[in-house]
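Hi,

Here is the structure I promised to pass on to you. Have a look at it first, and then read my notes below.

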Amino acid sequence: MTEQKPVAFIAGGVFAWLVNNTTPLVQALFLLSILDIISGLLKASITSTLSSKASYKGMLKKAYMLLIVAVGWIAQHKVGLDFGVPVDSVIAGAFCMTEILSILENAKASGVSVPGWLFERFANADKGRSDAEKTQKSA
């Protein structure tokens, strides 16, 4: 029990920093990532495909997304590269679209009737992903 306390403090500190020191799109990405994890666990439970290996792999992908957002922030705010737009927000916004689509895909795979127009709206935003990314996502 004592070993879990540092992890809880670190997680709480990261969450507090995210809420107080990041842009709304970065905050949205963080929250959508949590919702996507929950929707993935629900889908896996409903479809009897729950796998700790798949969950772990998904968590690592989420960590990479946040890492890429952080690199954008560092490039702009610490390295001083001027892109003319808040890079972390642009990157986070793109990842938000992917997270929303993933949540809708999980719902659909779980038997939830997702309105076609809603799914199509976010699927169109997904057209920028490569075929390899789409294959990897569905695996």
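Below is what I found, starting with how to read the model.

This is a predicted model, where local features need pLDDT of at least 70 and side-chain atom pairs count only at pLDDT 80 or more, while totals for chains, interfaces and linings use all residues. Residues are numbered from 1 along each chain as its sequence is written, and side-chain values use heavy atoms, leaving out hydrogens and water.

Let's begin with helix H2, residues 24–46 (helices are DSSP runs of H or I with at least four residues, numbered from the N terminus). Asp 36 sits in this helix and is buried, at 5% relative accessible area. Leu 35, also placed in H2, is partly exposed at 45%. Here buried means under 20% relative accessible area, exposed over 50%, and partly exposed in between (1.4 Å probe, protein chains only).

Next, the inside. The largest nonpolar core has seven residues, among them Val 26, Met 65 and Cys 96; a core is a set of buried Ala, Val, Leu, Ile, Met, Phe, Trp, Tyr and Cys residues joined through side-chain atoms within 4.5 Å. H2, helix H3 (52–77) and helix H4 (87–109) each supply at least two of its residues, and H2 has the largest share, with three. A second, separate core has six residues, including Leu 101 and Phe 119.

Which residues does Cys 96 contact, leaving aside its neighbours within four places in sequence? They are Leu 25, Ala 28, Leu 29 and Leu 32, where contact means heavy atoms within 4.5 Å.

Enjoy exploring!
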